[in-house]
Amino acid sequence: QASGTPSAVLVTADRRIGSWVVAGREAIADLVERATAPEPEPAVAIGAAIPPLALPTLDGDELALADLVDRPTVALFWNPGCGYCQAMLEDLRGWERQRRDDEPRLVVISSGTAGDTHADGFASTVLLDEEFAAGNAFGANGTPMGVLLAPDGTVASAVVAGSENVLGLLRARAATR
């Protein structure tokens with residue numbers, strides 16, 4: 001999908017496309033820098049307790065994230081103004097419609113406004129976090145990103161980035177029990 005030169009795309013070690021096509025010297029240099037940067041230590045380690053976060057719902061009620069995790073749950077850090085988020089929205093809605101009982105629950109944590117997030121039409125629980133405090137607490141540095149939470153109140157995965165990785169967490173079955 002490159003429309004000119006120079007253009008580049010990241011190919012991961014497992015031979016998958018790992019980024020959008022970027023064009024131009026600066027964008028390519030940024031892509032190379034991000035791809036070769038050392039992995040940062042996670043803000044919340046696997047097995048650590050879910051950070052104590054209470055956030056408002058679309059209806060204005062306040063819910064503690066840990067109280068929503070009575071089964072394997074994916075916390076999805078979302079922004080309705082993010083192009084990458086919007087590119088995966090139909091896949092998420094499809095997953096919600098066809099979710100199996102052995103797949104995790106989804107909790108959307110949106111840094112957008114209530115109106116913009118409501119317009120995305122999620123069937124899952126949505127929490128609002130315009131300051132991105134939850135994302136920062138887990139070490140997420142953008143959207144869409146997600147993390148699997150265990151029913152024992154702990155973090156069950158590293159934070160993952162991008163639609164394929166987030167959808168992979170949602171489609172996990174036996175490993176989430």
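**Burial, ring pairs and salt bridges**

Me: L89 has its place in helix α2, residues 83–98. What makes a stretch a helix or a strand here?

Reply: Both are DSSP runs numbered from the N terminus: a helix is H or I over at least four residues, a strand is E over at least two. The model is predicted, so local features need pLDDT of at least 70 and side-chain atom pairs pLDDT 80 or more, while totals for chains, interfaces and linings use all residues. Residues are numbered from 1 along each chain as its sequence is written, and side-chain values use heavy atoms, leaving out hydrogens and water.

Me: Why is L89 called buried?

Reply: Its relative accessibility is 5%, and buried means under 20% relative accessible area, exposed over 50% and partly exposed in between, with a 1.4 Å probe and protein chains only. L89 therefore counts as buried.

Me: Which residues does L89 touch, leaving aside its neighbours within four places in sequence?

Reply: L89 is in contact (heavy atoms within 4.5 Å) with W78, D120 and F122.

Me: Let's move to T73. Is T73 buried or exposed, and how do you know that?

Reply: T73 has 0% relative accessibility, so it counts as buried. T73 belongs to strand β5 (residues 73–78). Beyond its neighbours within four places in sequence, T73 has contacts with L68, P104, R105, V107, V147, L148 and L149.

Me: What does the side chain of T73 reach?

Reply: It reaches the backbone oxygen of R71 at 2.7 Å. That value can be set against the polar contact limit, a pair of N or O atoms within 3.5 Å; within protein, one must be able to donate a hydrogen and the other to accept it, and residues adjacent in sequence count only if both atoms are side-chain atoms.

Me: How many aromatic pairs does a search of the whole structure find?

Reply: The search finds four. In one of them, F77 and F132 are 6.2 Å apart centre to centre with 65° between the planes, and the pair is edge-to-face.

Me: What makes a pair edge-to-face?

Reply: Rings of Phe, Tyr and Trp (its six-membered ring) pair if their centres lie within 6.5 Å, and planes under 30 degrees apart count as stacked, over 60 as edge-to-face and the rest as tilted. F77 is buried at 0% relative accessible area, and F132 is buried at 16%.

Me: Why is the pair of F77 and F138 called tilted?

Reply: The planes of F77 and F138 are 45° apart and the centres 5.7 Å apart, so the angle falls in neither the stacked nor the edge-to-face range. This pair also links distant parts of the chain: F77 is in strand β5 and F138 in helix α4, 61 residues apart. F77 and F138 are both buried. Together, F77, F132 and F138 form one aromatic cluster.

Me: How do you know that R105 and D70 form a salt bridge?

Reply: Their side chains meet at 2.4 Å, N to O, and a salt bridge is a side-chain nitrogen of Lys or Arg within 4 Å of a carboxyl oxygen of Asp or Glu. R105 is in strand β6 (residues 105–110) and D70 in the loop between β4 (62–64) and β5, so the pair ties together parts 35 residues apart in sequence. R105 is partly exposed at 26% relative accessibility, whereas D70 is exposed at 56%.

Me: How many salt bridges does the structure hold?

Reply: It holds three. One of them joins R34 and D30 at 3.1 Å, N to O; both residues lie in helix α1 (residues 25–36), four residues apart, about one turn of the helix. R34 counts as exposed at 51%, and D30 as partly exposed at 37%. E90 also forms a salt bridge with R93, with the closest N and O atoms 2.4 Å apart. E90 and R93 are three residues apart in helix α2, which means about one helical turn separates them.
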